[in-house]
Amino acid sequence: MADYHFVYKDLEGASTQWDDIQAKLGNLPPKKPAFKPPSFSPAEDNPKDKVWIDGKTEEELEDLEDDLDDDRFLEEYRKQRLVEMREAAKIAKFGSVIPISGSDFVREVSQAPQDVWVVVLLYKDGFSECRLLLECLEDLARRYPATKFVKIISTECIPNYPDRNLPTILVYNNSAVKATHVGAHSFGRRCTPESVSLVLCQSDPVLNDGHGGEQSRDAVLDGVRKKFLERVVREREDGDDGSSSD
């Protein structure tokens, strides 16, 4: 036969009025408090503000287009951030002196985009003047990341190229040689990034910082002169500090 006897249990920790009286009199041990689950609190969403958008990558910002339709301010800021990130990516196009071999020359130099100026250093290891000019070009490559700087062993570029002509700089644009500068003396008595800049921009706006706008030769030269004056003032201040400490 089926078992029709059921035992009904109250909530764990619940007690009757009689049990409560007996517990007060000490006849029963005190009951444990009834189980009470913690109150539910939904997880807080990240606040959607400018800081929240600044933490997103370009791909994540593109995915947010539909989510921010109701917030015109954040949607405009999202678009602004995308533009800024893409412009920054353009600026960081090069930024260093790239070593190439003879087999790379056509692809890296002759076939460079028409809007890109390419500065080619012909050098050899062990020549102090080559090392000095390379240091200047590395400085300029960081300042003007939209200009392409490359270096190549001279005889890999031009077979039997005489060492007496080192270092040599070739300036290319639109698949053509626009200027040639032979020897470190071409850049003045003191070969500095500023003196190299002035020579490179004698006739063309070779140096490009990538910040947009019309890159005129005069605008580049104005920036170079400003950097030159800053360097002179800094060196003079450093010299004064050194003399006063003696």
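Student: Where does Asn160 lie in this predicted model, and what makes Asn160 count as exposed?

Tutor: Asn160 is placed in the loop between helix 7 and strand 4. Its relative accessibility is 75%, and since exposed means over 50%, Asn160 counts as exposed.

Student: What is the phi of Asn160?

Tutor: Asn160 is not a glycine, yet its phi is positive, at about 65°. Most residues other than glycine have a negative phi.

Student: Why is Asn174 called partly exposed?

Tutor: Asn174, in the loop between strand 4 and strand 5 (176-182), has a relative accessibility of 41%; buried requires under 20% and exposed over 50%, with partly exposed in between, so Asn174 counts as partly exposed. Asn174 also has a positive phi, of about 55°, although it is not a glycine.

Student: Which residues does a cis peptide bond join?

Tutor: The cis bond joins Leu166 and Pro167, with omega about -10°, and Pro167 lies in the loop between helix 7 (154-157) and strand 4. Most peptide bonds are trans.

Student: How many aromatic pairs does a search of the whole structure find, and why is the pair of Phe105 and Tyr172 called edge-to-face?

Tutor: The search finds 1 aromatic pair. The ring centres of Phe105 and Tyr172 are 5.7 Å apart and their planes stand at 75°; rings pair if their centres lie within 6.5 Å, and planes over 60 degrees apart count as edge-to-face, so this pair is edge-to-face.

Student: What makes this pair a tie between parts that are 67 residues apart in sequence?

Tutor: Phe105 belongs to helix 5 (residues 105-110) and Tyr172 to strand 4 (residues 168-173), so the pair ties together parts 67 residues apart in sequence. Both Phe105 and Tyr172 are buried.

Notes
Residues numbered from 1 in each chain as written. Predicted model: local features only at pLDDT ≥ 70, side-chain atom pairs only at ≥ 80, totals over all residues. Heavy atoms only, no water. Phe/Tyr/Trp six-rings, centres within 6.5 Å; stacked < 30°, edge-to-face > 60°. Helix = DSSP H or I, 4+ residues; strand = E, 2+ residues; numbered from the N terminus. Buried < 20%, exposed > 50% of the residue type's maximum accessible area, 1.4 Å probe, protein only.
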